[in-house]
Amino acid sequence: MKIYNTLTRTKDEFKPLKEGEVSMYVCGPTVYNYIHIGNARPMIVFDTVRRYFEYKGYKVNYVSNFTDVDDKIIAKAIEEGVSASEISERYIAEAKKDMEDLNVMPATIHPKATQEIDGMIDMISTLIDKGHAYEKNGTVYFRTRSFDGYGKLSKKNIDDLEGGHRDIKVAGGEDKEDALDFVLWKPKKEGEPYWESPWSEGRPGWHIECSVMSKKYLGEEIDIHAGGEDLIFPHHENEIAQSEACNGKQFARYWMHNGFLNIDNKKMSKSAGNFFTVREIGEKYPLQVIRFFMLSGHYRGPINFSEELVIAAKNGLERILNAVDKMKSNYENSSVDNITENEKELLNQIAEYNKQFDLAMEDDFNTADAITAVFEIVRFANANVSSDNSKELIESVLGTMNVLCDVLGIETEVEKELLDEEIENLIAQRTQARKDKNFARADEIRNELLEKGIILEDTREGVKWKRA
Ligand code: AMP
Ligand code: ZN
């Protein structure tokens with residue numbers, strides 16, 4: 001299996017530290033709002049990477065954090081007049097709901113920064129002891145130049161950086177020995193959440209959180225560290241400096257980064273305000289469609305979010321789900337149990353498509369090509385599988401289809417949930433049927449909705465509905 005490694009800028013053969021196991025850390029969101037669909041991209045991409053490893057028989061230890069203390073969380077808490085933890089707990093719960101709807105498997109563990117402060121104090125103390133960090137007026141800085149490999153991930157030259165950061169030296173951080181140094185611990189400001197530490201009542205910097213949580217749950221050396229490409233610098237560069245300076249070992253062997261999800265060719269981000277939350281999009285499309293849309297392009301390239309492309313993804317996904325439905329009914333209607341000699345030939349073809357899928361995924365998780373292989377099976381099934389075939393053949397094609405879709409995190413067995421728009425549409429049809437005195441049709445619609453868990457209530461103001 002080959003993985004494009006940001007550290008080497010090449011596709012490297014994947015060799016796990018421990019035979020048959022993968023340790024993976026994925027930087028998670030800062031929780032001060034609903035997650036947007038840009039944040040959903042790394043979740044979906046790396047969940048698919050995990051699923052592929054599991055399909056190949058690896059045991060995956062998958063850790064993804066929530067950053068639950070941060071300036072933006074505190075600002076939101078002040079705005080609402082509640083505590084910072086109320087904000088972060090609320091949006092962690094909401095993020096978990098969205099992840100479930102996107103079919104993102106829960107991580108082996110989802111650590112929260114605020115629960116790991118002791119570990120951060122330990123690591124910072126070690127860095128001070130080893131001469132890699134220093135304290136000034138309650139703030140602790142990492143001594144960037146003390147770490148020889150600084151810049152190796154982002155391929156930045158430390159001296160060029162200094163020039164580029166001169167403004168910072170003037171604008172703030174007057175206590176820094178060097179403009180390149182970054183914060184490991186900072187004192188609280190009035191009204192902010194804080195923890196006791198040897199240096200000040202304060203809180204950790206963002207980068208140290210991930211170094212500590214990764215070490216605690218996965219060990220000093222891990223296989224894969226991942227996140228969006230905006231994290232390469234400074235976040236991941238700083239994580240490497242902290243972890244390797246502290247532990248004296250290579251931190252992560254493979255660094256994976258997803259490209260941006262753009263709108264009008266600009267990165268979707270909360271701060272730029274050009275974002276859609278997963279929740280909003282979920283009201284318009286089943287979230288499986290969004291997942292399928294994201295996997296239709298290579299994870300390292302940018303993808304542009306547009307209605308047109310999402311609709312194309314919706315149509316593609318429907319073709320797959322329809323083929324599955326058709327095979328299921330063919331299976332029910334088949335009267336032959338055992339596979340025939342001719343059918344065995346057909347199954348060779350399916351094995352070929354399965355191989356094509358695997359080869360695409362082995363080549364740096366090329367989900368776009370893997371999906372092409374799934375469409376080959378759709379085409380094959382539509383052309384060759386009918387109720388005249390044996391149950392054994394149909395089951396086998398269906399089985400392959402289900403397994404491959406599961407690697408992509410696409411559920412083929414789910415009842416399709418009705419969208420608000422579809423419900424409103426059916427209600428309008430029922431109202432019309434009643435006007436036309438077609439009560440049989442009106443009842444039929446009511447029952448159809450009820451079967452899908454939608455309860456109608458006829459009131460004086462019109463028809464109201466709710467989900468059961
Ligand atoms: P944040 O909450 O901004 O720290 O982001 C959480 C994760 O989402 C990180 O891995 C980011 O790199 C990723 N991310 C944020 N915005 C986008 C985007 N527009 N496209 C792809 N990934 C993104
Ligand atoms: Zn991180």
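Helix H4 and helix H7 (residues 206-218) cross at roughly 105°, and their axes come within 9 Å. This is a predicted model, in which local features need pLDDT of at least 70 and side-chain atom pairs count only at pLDDT 80 or more. Residues are numbered from 1 along each chain as its sequence is written, and side-chain values use heavy atoms, with hydrogens and water left out.

Me: Why is H4 called roughly perpendicular to H7?

Reply: Angles of 65 to 115 degrees count as roughly perpendicular, under 35 as roughly parallel, over 145 as roughly antiparallel and the rest as oblique. The axes (lines fitted to C-alpha atoms over the stretch in contact, with angles from 0 to 180 degrees between N-to-C directions) cross at roughly 105°. That value makes H4 roughly perpendicular to H7.

Me: Which residues of H4 and H7 meet?

Reply: Contact means heavy atoms within 4.5 Å. Among the residues that meet are Met120 and Ile124 in H4 and Ile208 and Val212 in H7.

Me: What makes H4 roughly perpendicular to H8?

Reply: Helix H4 (residues 117-129) packs against helix H8 (residues 232-247) at an angle of about 70°, with the axes 9 Å apart. H4 is therefore roughly perpendicular to H8. Met123, Thr126 and Leu127 of H4 make the contact with Gln242, Ala245 and Cys246 of H8.

Me: Why is the pair of Tyr34 and Tyr91 called edge-to-face?

Reply: Rings of Phe, Tyr and Trp (its six-membered ring) pair if their centres lie within 6.5 Å; planes under 30 degrees apart count as stacked, over 60 as edge-to-face and the rest as tilted. The centres of Tyr34 and Tyr91 are 5.5 Å apart and the planes stand at 75°, so this pair is edge-to-face.

Me: How do you know whether Tyr91 is buried or exposed?

Reply: Buried means under 20% relative accessible area, exposed over 50% and partly exposed in between (1.4 Å probe, protein chains only). Tyr91 has 7%, so Tyr91 is buried. Tyr34 has 28%, so Tyr34 is partly exposed.

Me: What makes Phe53 and Tyr58 an edge-to-face pair?

Reply: Their ring centres are 5.2 Å apart and their planes are at 85°, so the pair is edge-to-face. Phe53 is buried at 0%, whereas Tyr58 is partly exposed at 22%.

Me: How do you know that the charged end of Arg300 sits over the ring of Tyr4?

Reply: The test asks for NZ of Lys or CZ of Arg within 6 Å of the ring centre and within 35 degrees of the ring normal. The charged end of Arg300 sits over the ring of Tyr4, 4.0 Å from its centre.

Methods:
Chains lettered and ligands numbered in written order. Helix = DSSP H or I, 4+ residues; strand = E, 2+ residues; numbered from the N terminus.
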